[in-house]
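Dear colleague,

Please find the structure below.

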Amino acid sequence: MKKLYALAIAWVLLLSAKEALCSPVLISVELPTIESKKGWHQLGIPTYELIGNTAIAETEENLVGSLKQKGYSIEIIDRPPELTRYMILLNPEKFSAMKGKLIWQNDKTAIIQPLSKGHNLDPDFKHNIRPMNTKPLGERFWKSNTTKYVTLKSIPYDPFIQNLVDQVNADSITS
């Protein structure tokens, strides 16, 4: 009977340890370059916000180590994530009176989990707070943030090309 009892306890401990390792976590990931953003997007990890160079994403806790081995600077910021409860604050120093759990913060932005759902905000600050995205960032977003644009100043003037452009006539195109 004692062996059966010990075996049952060991089984429960093993299952709870597995549950802890496979539980979802909210992470912040530093993506300082366009290449790092492209690489992160290719991993297919659900990413809900890109605040400056920091991605806010959700993954399984057991994957964090392998992501760090790939060179990503990752910090677990909440477990288990409650995406519908998070608020994004701009200029968080102005909201010191707002009660809630601070999840993540940089110089200009913070993510908090308010204590109450019906938090009352001063209407003057309504443009400085919003709910966090609950759907992962789409393909269009990643394309616009991982494309390097060439400024017009960096394209040298070429008289041959300008001559071709000058020969284009709007009437001939429409006819």
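To begin with one side chain: Glu-49 is buried, at a relative accessible area of 3% (buried means under 20% relative accessible area, exposed over 50%, and partly exposed in between, with a 1.4 Å probe and protein chains only). The model is predicted, so local features need pLDDT of at least 70 and side-chain atom pairs count only at pLDDT 80 or more, while totals for chains, interfaces and linings use all residues. Residues are numbered from 1 along each chain as its sequence is written, and side-chain values use heavy atoms, with hydrogens and water left out.

Salt bridges

What does Glu-49 meet in a salt bridge? Its partner is the side chain of Arg-130, at 2.7 Å from N to O (a salt bridge is a side-chain nitrogen of Lys or Arg within 4 Å of a carboxyl oxygen of Asp or Glu). Because Arg-130 lies in strand E8 and Glu-49 in strand E2 (residues 47–51), the pair ties together parts that are 81 residues apart in sequence. Arg-130 counts as partly exposed, at 34% relative accessibility. Strands (E, at least two residues) and helices (H or I, at least four residues) are DSSP runs, numbered from the N terminus.

By this rule the count of salt bridges comes to three. Another of them joins Glu-61 and Arg-79, whose closest N and O atoms are 2.7 Å apart. This pair links distant parts of the chain, 18 residues apart: Glu-61 is in the loop between strand E3 (54–60) and helix H3 (64–69), and Arg-79 is in the loop between strand E4 (73–78) and strand E5 (87–90). Glu-61 is partly exposed, with a relative accessible area of 21%, and Arg-79 is partly exposed as well, with 46%.

Lys-101 and Asp-78 also form a salt bridge, with the closest N and O atoms 3.0 Å apart. Here Lys-101 belongs to strand E6 and Asp-78 to strand E4, 23 residues apart. Lys-101 is partly exposed, at a relative accessible area of 41%, whereas Asp-78 is buried, at 5%.

The sheet

Strands E6, E7, E5 and E8 form an open sheet in the order E6-E7-E5-E8, with antiparallel pairing (two strands pair if DSSP finds at least two bridges between them). Strand E6 (100–105) and strand E8 (129–131) stand at the edges with a single partner strand each, so one side of each is left without a neighbour in the sheet. On average, neighbouring strands of this sheet are turned by 30° against each other, direction ignored (axes are lines fitted to C-alpha atoms, for helices over the stretch in contact, and angles run from 0 to 180 degrees between N-to-C directions). Five bridges pair E6 with strand E7 (residues 109–114) in the antiparallel sense. Trp-104 has Ile-111 in E7 as its bridge partner.

The chain as a whole

The protein chain has six helices and eight strands, and along the sequence they follow the pattern α-β-α-β-β-α-β-β-β-β-β-α-α-α. Of its 175 residues, 29% count as buried. Among contacts between residues at least 6 apart in sequence, 65% join residues at least 24 apart (contact means heavy atoms within 4.5 Å).

With kind regards
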